[in-house]
Amino acid sequence: MCAGRPLDGTGRIADGPPAGTEAGPRWVLIHVIEEYARHNGHADLLRERIDGVTGA
């Protein structure tokens, strides 16, 4: 998707809540990283509840 495209390029989001909003590859990649980190945090909370170990 992003190979060979400039990070500063823009395009319009086709559907969903932000439909019509301009976004570029940099914006998309940043939000993918944020979501990935958020879900890793959720998994870590679940793991802590299961095994009782924190900060490992």
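Biologist: In which element of the chain is confidence lowest, and in which is it highest?

Modeller: The model is predicted, and confidence is the place to begin. Where pLDDT is low, the predicted coordinates should not be read in detail. Here the lowest mean, 84, belongs to strand 1 (residues 11-12), and the highest, 87, to helix 1. Over the chain the mean pLDDT is 83, with 95% of residues at 70 or more.

Biologist: What pattern does the chain follow along the sequence?

Modeller: The pattern is β-β-α: two strands and one helix.

Biologist: How do I check the length of helix 1?

Modeller: Compare an expected span with the distance between the end C-alpha atoms. Helix 1 covers residues 25-51, which is 27 residues, and at 1.5 Å a residue it should span 39 Å. Its end C-alpha atoms are 39 Å apart, so the two values agree.

Biologist: What follows just after helix 1?

Modeller: Gly-52, which takes a positive phi of about 75 degrees. Gly-55 also lies in the segment after helix 1.

Biologist: Is Gly-55 buried or exposed?

Modeller: The cut-off for exposed is over 50% relative accessible area. Gly-55 has 77%, so it counts as exposed. The C-alpha atom of Gly-55 is 36 Å from that of Ala-3, a residue 52 positions away along the chain.

Biologist: And Ile-33, is that residue buried or exposed?

Modeller: Ile-33 lies in helix 1. Its relative accessible area is 58%, so Ile-33 is exposed as well.

Biologist: How far is Ile-33 from Leu-45 in space?

Modeller: The distance is 19 Å, C-alpha to C-alpha, for a separation of 12 residues in sequence.

Biologist: What share of the residues of the chain counts as buried?

Modeller: Of the 56 residues, 7% do. The accessible surface is about 4,800 Å², and carbon and sulfur atoms make up 61% of that area.

Biologist: How does the radius of gyration of the chain stand against that of a compact globule?

Modeller: A compact globule of 56 residues would come near 10 Å, but this chain has 17 Å. The C-alpha trace spans about 45 × 25 × 15 Å along its principal axes.

Technical notes: Residues numbered from 1 in each chain as written. Predicted model: local features only at pLDDT ≥ 70, side-chain atom pairs only at ≥ 80, totals over all residues. Heavy atoms only, no water. Helix = DSSP H or I, 4+ residues; strand = E, 2+ residues; numbered from the N terminus. Rg over C-alpha atoms; globule rule 2.2 N^0.38 Å. Buried < 20%, exposed > 50% of the residue type's maximum accessible area, 1.4 Å probe, protein only. Areas by Shrake-Rupley, 256 points an atom, 1.4 Å probe, with all protein chains shown as cover. Expected span 1.5 Å × (residues − 1). pLDDT = per-residue confidence, 0-100.
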